[in-house]
Amino acid sequence: MKAIRRFTVRPVLPEPLHPLSDLARNLRWSWHAETRDLFRSVDPGRWAAAGCDPVRLLGSVPPERLTELAGDPGFVSRLTAAAADLKDYVTGARWYQEQSAGLPAAVAYFSPEFGVTAALPQYSGGLGILAGDHLKAASDLGVPLIGVGLLYRHGYFRQSLSRDGWQQEHYPVLDPNELPVAQLREPDGTPASVSLALPGGRQLHARIWLAQVGRVPLLMLDSDVEENDLGERGVTDRLYGGGSEHRLLQEMLLGIGGVRAVRTYCRLTGHAGPEVFHTNEGHAGFLGLERIAELCAEGLDFDSALEAVRAGTVFTTHTPVPAGIDRFDRELVARHFGPDAELPGIDVGRVLQLGMETYPSGEPNLFNMAVMGLRLAQRANGVSLLHGAVSRDMFSGLWPGFDPEEVPITSVTNGVHAPTWVAPEVFRLGARQIGAQRTEDAMTVGGSERWDAVADIPDQDIWELRRDLREQLVTEVRDRLRASWRQRGAATAELGWVDGVLDPDVLTIGFARRVPSYKRLTLMLRDRDRLMDLLLHPQRPIQIVVAGKAHPADDGGKRLVQELVRFADDPRVRHRIVFLPDYGMAMAQKLYPGCDIWLNNPLRPLEACGTSGMKAALNGCLNLSVLDGWWDEWFQPDFGWAVPTADGAGTDPDRRDDIEAAALYDLLEQRVTPRFYERGQGGLPDRWIEMVRQTLTLLGPKVLAGRMVREYVERLYAPAAHAHRTMTPDAARELAEWKSRLRSAWHGVTVDHVETTATTATAELGTTLGLRVRVGLGGLAPEDVEVQAVSGRVDEEDRITDAVTVPLKAAGGPDPEGRWVYEGPLSLDRTGPYGYTVRILPAHRLLATGTELGLVALPSEDVVEAAGVLMR
């Protein structure tokens, strides 16, 4: 029989066990080994059955077992120590509290998904896992972050396979009362909530759930509440589901509702209000509009409020492909704002301007969330060095007149939260060398360039550790494969072969990620005969573990999954290659440590960062990857192998895949497998072990989320907080008025004449030339602009590379025609073809960069021809 109503019965814990509830409700347990061990000892069988989720565990333990534990002095002593440790972790001073003054009092971090733990399934892939790692690292460092997201009642889908290998999706209902979250409540006990106005006088209500991630509160908005009609209740039904209006409402709730939730949380708890708002991808971009509306309600005009909001906003883009950005029909957006809908005090035309693609090749009728995010943030970044360059090129249309290198988008390379992703066995090996506390500090705070203590670990210990982790993975794979085949309809009697799947002594390759086409799940199948030879080699075989989900609406991705599954089903190779459905955090935590090689073969440069290889590296797994994302930045032959790419502009996509697949097979046949299987005098693979050692020593400290969050604090949050404090209402009005005046007058800003003291087209290294420029300022004053000399080496087309800019100084006042003369030195500091030009940029003390407005004045063709700008 089916229940007509469902509710959760909470256990009544005996007095000595009360701290268990606090430990279960703070998600620090998900990365704190001692706390997990404590919960496991409550009942190991129920702990495993509960999916290692303390809340579910406590809901299943019989009262007599709880009574027994309450009377166990050893358990109560461990519990008391764990509770004291959590209190010290949450309240004590950490890295952030030891820094100099001037850091933000609080930072609000918005993301559409958060992957904190498998017990809170609110993530689909890399973006959410990154966001979860960002919160955890911020907690470890003591950064006063407030996370903001949505609580999806179905989360992302669960994946299974049909008998013929086709992906099937399931959406289990998540009851918040069974999750490690609590409702935020008003002082009178009623649930705290926010609401948005919808067209036609309707309302979208959402309650606020709180997940405590160590020191960091994560606020999650849930629209499945009785006050809403059926349609509005479904707004937070599932992650990345529904049509355009559904997604728009999700993103309005995340951005606008999220700011309101932060204000409510700070009012109820006394938490400092955020000085910096960080938008993790464009999904939360509407948060800037809500903050503009707040300031307008306090008396600022729209343009001044925009400047004030931009000063304290950081925008991170994660996609290197335009197709990955949310874009909405402008009429749909217009219908949801204005007098009859949300933010009635803001002109709808100003809202639309923020997201319009006003650049060549832009779509005039689409509203682009990433474009809005960039226009509402004074600071923006990509998530690896290469992705920063790709982003500058992709969004360069917003800054016309500037080379992509000067587009104001920097990069902070992602990192991963080591305590979450490092296997306990790896941690214990480090603790044996330098002690548990130093190991924990090295993995969380980071800061060192090298982990030199790894050099002292004997080769034998490293090799035994790697085999132990590989053996654990083999056991895990067999269990998951058997369960998958049962779901596909196989009888137990058919599955005896599963006991022979994988071998703990065979080179093991992992490949697990989302399945968009650019990640090329099936590149390894390009030449099936060569792959079979590698899998079945008599002396040097390989084995491959594959996992990944295709988006429910992506039939092309599903076909790739099916193609891989059908190959892996072949009785000839199924003991050497497996596809595991339902890739998620729990699987990943076994997969990364157990693999010897982590494979990544995207179409370069379409991988923004690709953090799975970082998690593998922290466990001593070597990377075999296309030079994309973070691997492009940090690859060294000591750490693994780079798959050559055939990314010339004229290469046919099929031919490119053939070339790169052949390169991958060559690497595996000629370099990877021989190194794994060759033995030195002591019977160990000495050269392989040395690569593992170098990976841990040199790569380990780089890939930490602690390093990443420290970079955000120092390079983005601190400057944004300073700009926020500087941008008083009067300063915001001043800047807005100045920008308006500058834009109106800019058409009259000209470079009219350029001359140097050079008399020939050659000069000696070290020579300093005098530069004299006459400019028109179109009614602007010299303090409104900066006149610059830009010089450097030039290529065959006279484009300046590695440019150096030097400001020129006004010489006297304007001439009778209102022209100004600027002068300065031009130092010839490098040999070879050399060139210079002159340009004029806006200048104001409140600008983050001179490129911010996208305005520049350059010499006309006539001036260029007269100047003789090249030196050879």
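Modeller: Two strands are said to pair if DSSP finds at least two bridges between them. Please bear in mind that this is a predicted model.

Colleague: What makes strand β18 and β19 a pair, and in which sense do they run?

Modeller: Strand β18 (residues 597-600) and β19 are joined by 4 bridges in the parallel sense. The definition asks for at least two bridges, so the term applies to these strands. One of the links is between N600 and its bridge partner S625 in β19.

Colleague: Why is β19 described as largely enclosed by the rest of the structure?

Modeller: A residue is buried if its relative accessible area is under 20%. In strand β19 (residues 622-626), 5 of the 5 residues are buried, and therefore the strand is largely enclosed.

Colleague: How do you know that both faces of β19 are covered?

Modeller: In a regular strand the side chains alternate between the two faces of the sheet. On one side of β19 stand L622, L624 and V626, on the other N623 and S625, and all of them are buried.

Colleague: What makes D582 buried?

Modeller: The relative accessibility of D582 is 16%. The limit for the term is under 20%, so D582 counts as buried. Its place is in the loop between β17 (577-580) and α22 (585-594). D582 also has a positive phi of about 65°, although it is not a glycine.

Colleague: S361 has a positive phi too, of about 75°, without being a glycine. Is S361 buried or exposed?

Modeller: S361 is exposed, because its relative accessible area of 75% is over the 50% that the term requires. S361 is found in the loop between α13 (348-355) and β12 (366-368).

Colleague: What makes β21 and β25 edge strands?

Modeller: The open sheet has 4 strands in the order β21-β22-β26-β25, with antiparallel pairing. β21 (749-756) and β25 (809-810) each have a single partner strand, so one side of each is left without a neighbour in the sheet. Within this sheet, strand β22 (residues 768-777) and strand β26 (residues 819-827) pair over 9 bridges in the antiparallel sense. L769 stands opposite L826 in β26.

Colleague: Where is there a cis peptide bond?

Modeller: The cis bond joins R604 and P605, with omega at about 5°. P605 is found in the loop between β18 and α23 (612-617).

Colleague: Turning to the whole protein chain, how many helices and strands does it have, and why is it called as compact as a globular protein of its length?

Modeller: The protein chain has 29 helices and 28 strands. Its radius of gyration is 29 Å, close to the 29 Å that the globule rule gives for 872 residues, so the description holds. Buried residues make up 56% of the 872 residues. Among the contacts with a separation of 6 or more, 73% are between residues 24 or more positions apart.

Terms used
Residues are numbered from 1 along each chain as its sequence is written. This is a predicted model: local features need pLDDT of at least 70, side-chain atom pairs count only at pLDDT 80 or more; totals for chains, interfaces and linings use all residues. Side-chain values use heavy atoms; hydrogens and water are left out. Helices (H or I, at least four residues) and strands (E, at least two) are DSSP runs, numbered from the N terminus. The radius of gyration is taken over C-alpha atoms; the globule rule is 2.2 Å times the number of residues to the power 0.38. Buried means under 20% relative accessible area, exposed over 50%, partly exposed in between (1.4 Å probe, protein chains only). Contact means heavy atoms within 4.5 Å.
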